[in-house]
Amino acid sequence: MLQVNIFYFPFPKPPLFGRCLVALFLTLFPWPIPTALAKEFEPGAQWLDSSGVPINAHGGGILFHEETYYWFGEHKVAGDAGNYAQVGVHVYSSKDLFQWKNEGIALAVSADSKNDIAKGCILERPKVLFNPQTKNFVMWFHLELLGKGYFAARCGVAVADNAAGPYTYLGSFRPDAGVLPVNASPELQKPLLPEQARILAKSLESGGWNPDDIFRRDFAGGQMARDMTLFLDDDGRAYQIYASEENQTLHISLLTADFLRPAGKFIRIFPGDSNEAPAIFKHDGCYYLITSGCTGWAPNAARLFRAQSIWGPWQKIGNPCRGTPAQVARTFDAQSTFVLPVPGKKDTFIFMADRWNPTNAIDGCYVWLPLQFGSDGVPFLEWRDRWELNSSGFAEAINAQPKVANSR
Ligand code: GAL
C-alpha cells in the first residue's frame with residue numbers, strides 16, 4: 001500500500017533569499033503544519049506489514065475488539081504447496097486498518113499427520129468472533145483432511161483467551177447432522193433410498209445432480225461445509241454461513257450461545273445456484289450477502305442477495321460490481337471473503353476479496369474496495385486504483401474518478 005505525504009508546496013519556488021526568510025518566519029511563528037500522512041489503500045498491490053514483510057492472511061476476515069482490528073487469514077507459502085496449510089492461520093493487528101503488525105500464527109497446523117489439522121491439510125477462510133459471555137475468542141474455518149482433497153468438507157473450531165491467540169483446536173465436523181432446515185420442502189424429509197444414492201453417486205461423477213438429493217444423502221451424517229464466514233448480529237446471535245451440498249447451496253446456520261456448535265436451526269438459500277465465498281453484512285436493517293460462483297481459484301462474477309430477516313426470504317439482486325465488462329464479469333479479478341462494517345462510521349463498509357495465485361500461492365493479493373450505496377440503497381462496488389478512509393468515511397474514494405488502469 002502506498003503512503004504519500006499529502007502536504008506539498010504547490011507554487012513555483014521563490015528565490016533563495018525569500019525561501020530563507022520564509023523558513024525563518026516559520027521557525028519563529030510556526031503554523032499548525034499537519035504532519036499526518038495520507039493512508040491510501042491500493043487494491044491488488046503488494047501490502048507490507050509494519051516490519052516491511054508482505055501481509056500473509058488470505059481468505060481472511062476481521063475482528064474488531066477493544067479498539068483494535070485483528071486480521072485473520074490463511075498463511076500461504078510459495079508454489080503449489082501454498083494451496084495446502086503448511087503453517088496455519090496468521091493474524092495481524094491494527095489501529096487504523098492500514099498499518100498491520102504481525103502477531104504471528106494464531107492457530108498452528110500439527111506436525112502429527114493423524115491430527116485433523118495436520119500440516120498439509122486444507123484449512124481455509126478462518127473467521128473469528130468474540131463471545132462476551134464466555135470471554136472466548138472463537139475461530140471457525142473450512143477444513144479438509146490431509147490427503148483427502150476437498151471431500152471431507154468439514155468446519156473446524158478453535159478457541160483462545162486472547163484475540164491474537166494462540167488458539168486451541170477443539171474439533172471438526174459436518175454441521176447440522178439430522179436437522180431439517182427451517183425452509184425444508186416435504187421432499188427433503190424423505191431419506192434417500194439405496195438405489196437413489198447409487199444414481200446420485202453416478203450423476204456426481206458426470207457433473208449433473210440435484211441439490212435436494214445431496215442434502216438427503218448427507219442428512220444423517222451432517223451437511224458438507226466448505227467456503228464459510230461468521231456473522232454476529234446486533235442481538236448477540238452468531239451464525240455460520242457456508243457453501244454446502246457439493247457447493248450447490250448456501251446454508252445459514254445459527255450457532256449455540258457459546259458460538260462453539262450449530263444450534264440446530266438453519267436455512268438453505270438458493271439450492272442449485274452454486275454460491276460460495278460468502279461475505280455478509282447488515283445495513284439499515286437489511287441483511288446482504290455477497291458471494292461468487294464456483295470456479296475454483298479463477299475469478300467469476302459476484303452476486304448480491306438481500307433479506308429483511310436472516311431467515312429469509314432472500315432475494316437475488318444481481319451483480320454488485322460496476323465498471324468495464326471484464327471488471328464486472330470477474331469481480332476485479334478477485335473473490336469475496338469478508339465485508340467489514342467500519343466501527344463508528346455510518347454507511348462505511350469495506351469489501352475484502354482475494355486475488356488468488358494458485359501456482360505461487362504466497363503471491364495472492366488483497367483487493368479491498370469501499371462498498372458504496374446507490375440512491376436506492378442498494379450496495380455496489382467500483383474499482384479504485386487508490387482510496388482513503390477518512391474521518392467521515394470514504395468521501396474521497398467516492399468522489400475520485402474511478403480508474404481502470406490497474407485493474408486486470
Ligand atoms: C475456491 C474457494 C477457495 C478455495 C478454492 C480451491 O472456489 O473459494 O477458498 O477452496 O476454491 O480451488
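The shell around the ligand in this predicted model divides into two nonpolar, two polar and four charged residues; here Ala, Val, Leu, Ile, Met, Phe, Trp, Tyr, Cys and Pro count as nonpolar, Asp, Glu, Lys and Arg as charged, and the others, Gly among them, as polar. Its members are Glu124, Arg125, Tyr150, Asp227, Glu276, Gly296, Trp297 and Gln335, a residue being near the ligand if one of its heavy atoms lies within 4 Å of it.

| Residue (polar side-chain atom) | Distance to a ligand oxygen atom |
|---|---|
| Arg125 | 2.9 Å |
| Glu276 | 2.2 Å |

The protein covers 89% of the 310 Å² of accessible area that the ligand has on its own (Shrake-Rupley method, 1.4 Å probe).

Elsewhere, an open sheet comprises five strands in the order 19-23-22-21-20, with mixed pairing. Strands are DSSP runs of E with at least two residues, numbered from the N terminus, and two of them pair if DSSP finds at least two bridges between them. Strand 19 (321-322) and strand 20 (335-341) each have a single partner strand and stand at the edges, so one side of each lacks a neighbour in the sheet. Strand 22 (residues 365-373) and strand 23 (residues 379-382) run antiparallel and are joined by three bridges; Leu371 has Leu381 in strand 23 as its bridge partner.

Residues are numbered from 1 along each chain as its sequence is written. Local features need pLDDT of at least 70, side-chain atom pairs count only at pLDDT 80 or more, totals for chains, interfaces and linings use all residues, and side-chain values use heavy atoms, with hydrogens and water left out.

Definitions and conventions: A polar contact is a pair of N or O atoms within 3.5 Å; within protein, one must be able to donate a hydrogen and the other to accept it, and residues adjacent in sequence count only if both atoms are side-chain atoms. Helices (H or I, at least four residues) and strands (E, at least two) are DSSP runs, numbered from the N terminus.
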